[in-house]
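I opened my notebook on this protein with a few things to look up. Here is what went into it, entry by entry.

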Amino acid sequence: NNSTSVRKGIFSFLAPAGIYQSPLKIRDEATRRIGIYQANKIVSDYTIALSDINMALSVEKTGAEGLFVRHGLAISPNPARPFQQGHPVYFYYEMYHLKFAEDGRAGYQTIVVITAKEKQRGFFNNIITGIGNLIRRAHDDRSVTMTFEGESNTSDAADSLSVDPSVMEPGPYTVELAITDNQSGQTASKTSEFVIVAQQYLARC
């Protein structure tokens, strides 16, 4: 008998957010042969999420496509994270599961904190540019905190910001990002590190 029998089935289950392996094994009762199919399944909780902070030498708008083009932005990555003093430091990041307001746009607030691991003096002024509308700024001898308002017409969005290191002394720094969804009130945050090095140091390298 060369006829083919097609059986359909469905099963459901409850699971917390995460990545799961979903194997399926079927045995033919006549031939005793076994077939196995396996797939990875991602279960999302649909709360706001934030990507890692991607360090870059530049982030520019582009209409082209490419390996390092995301959301219309061309990114020149710098995964090693040393940046020459006097040249901008760029951060690129993505947000997921933003909620829409009645006007069909998703509003969010971004808080950026940059901290010098070693005590500096008076270098934090208008060093952060590139995202949304600045609504609040505070600083001391070691850190600066800036708050921006932004919006998107999609539930998944991307932003970038740049830091002017011309007034920053060489040394290690920490950047913290916190995104709050205006509709849901949910917050996601990430932290990363980078290093400002003197020009003569990179010249020797």
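**Ground rules.** I took helices (H or I, at least four residues) and strands (E, at least two) as DSSP runs, numbered from the N terminus. The model is predicted, so I kept to its limits: local features need pLDDT of at least 70, side-chain atom pairs count only at pLDDT 80 or more, and totals for chains, interfaces and linings use all residues. Residue numbers start from 1 along each chain as its sequence is written, and side-chain values use heavy atoms, with hydrogens and water left out.

**Entry 1, the whole chain.** Next I asked how many of the 205 residues count as buried. The share is 31%, where buried means under 20% relative accessible area, exposed over 50% and partly exposed in between (1.4 Å probe, protein chains only). The accessible surface comes to about 13400 Å², with 49% of it belonging to carbon and sulfur atoms. That area comes from the Shrake-Rupley method with a 1.4 Å probe; for residues, only the protein chains shown count as cover. I also looked at contacts (heavy atoms within 4.5 Å). Among those between residues at least 6 apart in sequence, 64% join residues at least 24 apart.

My pocket search ran on a 1 Å grid over the protein atoms alone: a pocket is an open set of points with protein on both sides within 12 Å along at least five of seven lines, whereas a cavity is a set where a 1.4 Å probe fits but cannot get out, and lining residues have an atom within 4 Å of a point. Grid points are joined across faces, edges and corners, and a volume is the space filled by probe spheres set on the points. The second largest pocket has a volume of about 190 Å³. Of its 14 lining residues, the closest to the centre are Asn54, Met55, Ile75, Pro77 and Tyr92. Strand 4 (54-61), strand 6 (73-77) and strand 8 (89-96) are the elements that give two or more residues to this lining. Which strand gives the largest share of the lining? I found strand 8 there, with three residues. By type, the lining divides into eight nonpolar, three polar and three charged residues. I counted Ala, Val, Leu, Ile, Met, Phe, Trp, Tyr, Cys and Pro as nonpolar, Asp, Glu, Lys and Arg as charged, and the others, Gly among them, as polar.

I then went to the loop between strand 3 (49-50) and strand 4, where Ile53 lies. Is Ile53 buried or exposed? Ile53 is buried, at a relative accessible area of 5%. Leaving aside neighbours within four places in sequence, I found Ile53 in contact with Phe91, Tyr92, Val175, Leu177, Lys190, Thr191 and Ser192. Ser160 is 107 residues from Ile53 in sequence, and their C-alpha atoms are 9.4 Å apart in space.

I searched the whole structure for salt bridges (a side-chain nitrogen of Lys or Arg within 4 Å of a carboxyl oxygen of Asp or Glu) and got six.

- Asp52 pairs with Lys190, their closest N and O atoms being 3.2 Å apart. Asp52 is in the loop between strand 3 and strand 4 and Lys190 is in strand 15 (residues 187-197), so this pair ties together parts 138 residues apart in sequence. Asp52 is exposed at 53%, while Lys190 is partly exposed at 27%.
- Glu94 and Arg70 meet at 2.8 Å, N to O. Glu94 sits in strand 8 and Arg70 in strand 5 (residues 69-70), so the pair ties together parts 24 residues apart in sequence. Glu94 counts as buried at 4% relative accessibility, and Arg70 as partly exposed at 40%.
- Shared partners join Arg27, Glu29 and Arg32 into one network of salt bridges. Arg32 is partly exposed at 46%, and Glu29 is exposed at 55%.

Last, I checked backbone angles. Arg81, not a glycine, has a positive phi of about 70 degrees. Arg81 is found in the loop between strand 6 and strand 7 (82-84) and is partly exposed at 34%. His97 also has a positive phi, near 65 degrees. His97 lies in the loop between strand 8 and strand 9 (106-116) and is partly exposed at 22%.
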